[in-house]
Amino acid sequence: MTSQRFDNLDALRGLAMVWMAVYHFVFDLKYFKLVSLDFYRDPFWTWQRTLIVSLFLLCAGMGQAISTVQGQSWQRFWRRWFQVALSALLVTAGSWLMFPNSFIYFGVLHGMALMLIVVRLSAHWGQWLWLLGALAISSKFIAEYLLQTGPLTPWVETMNSVHWNWLGWISKNPVTEDYVPLFPWLGVMWWGAAFGSWVLKQRPEWLVQPVPKALHVLARLGRWSLSYYLIHQPVLIALVSGVSWILL
């Protein structure tokens, strides 16, 4: 397969980006006290975050499966990986300025930087990725149970510490504005790679068929996901803070 982009996958990624922007816009309204909402405990908002991150990681996993089949070089992979890793550091710096007591130290880009390497090395494992994904997801809940009531209880403080909570095997969530640990989220990306491999073998027409005209804008947006991710929040914060200053 020659190296190419697929509009359908880009449109799916673009959908996740628009959904994320709407979520962040409402979050900013809440931060500037223009609305009263609970983003940390209300299931309506916590589940939306889970679904948005899941869609992003599924797309990333599918992208790795496609890149593997297309024979993407390690040089090109590392060039893209470096962009993701550098962007993660920028997110940490920016969030520290705005949320010094809950800044982002292992959010979605930090998690993706680690998971991309793992999935790149394992994207050719085919159907085994379904099982690995299930094990990765279930390990989160098993570890939580064992830390709270089982033989791992003495390790609670260690696993909950900032040095190890990036694994996701914790008994309580850390205080941070975004948290996407290795487990269970690696399982979602593995499932994305598994699904991508299946589509390439069994339903390649799903990828190559043209997207409806109404979705062309999503496809174009999906090609610039990293740039969009970095820019959209500063723009939204500036917009909402300006409105807040006028109204309040």
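Start at Asp178: in this predicted model the residue is buried, with a relative accessible area of 11%. That value falls under the 20% limit for buried.

Asp178 and Arg49 form a salt bridge, with the closest N and O atoms 2.8 Å apart. Zoom out to see what the pair links: Asp178 sits in the loop between α6 (156–160) and α7 (182–202), Arg49 in helix α2 (residues 43–70), and the two are 129 residues apart. Arg49 is partly exposed, at a relative accessible area of 22%.

Next, select Arg5, Asp7, Asp10, Arg13 and Arg223. Salt bridges with shared partners join these residues into one network.

Within this group, centre on Asp10, which is buried at 2% relative accessibility. Which side chain meets Asp10 in a salt bridge of 2.7 Å, N to O? Arg5 does. Arg5 is partly exposed, with a relative accessible area of 47%.

Keep Asp10 in view and turn to Arg223. The side chains of Arg223 and Asp10 also meet in a salt bridge, here at 3.6 Å, N to O. Arg223 lies in the loop between α9 (216–222) and α10 (225–247) and Asp10 in helix α1 (residues 7–31), so this pair ties together parts that are 213 residues apart in sequence. Arg223 counts as partly exposed, at 32% relative accessibility.

Technical notes: Residues are numbered from 1 along each chain as its sequence is written. This is a predicted model: local features need pLDDT of at least 70, side-chain atom pairs count only at pLDDT 80 or more; totals for chains, interfaces and linings use all residues. Side-chain values use heavy atoms; hydrogens and water are left out. A salt bridge is a side-chain nitrogen of Lys or Arg within 4 Å of a carboxyl oxygen of Asp or Glu. Buried means under 20% relative accessible area, exposed over 50%, partly exposed in between (1.4 Å probe, protein chains only). Helices (H or I, at least four residues) and strands (E, at least two) are DSSP runs, numbered from the N terminus.
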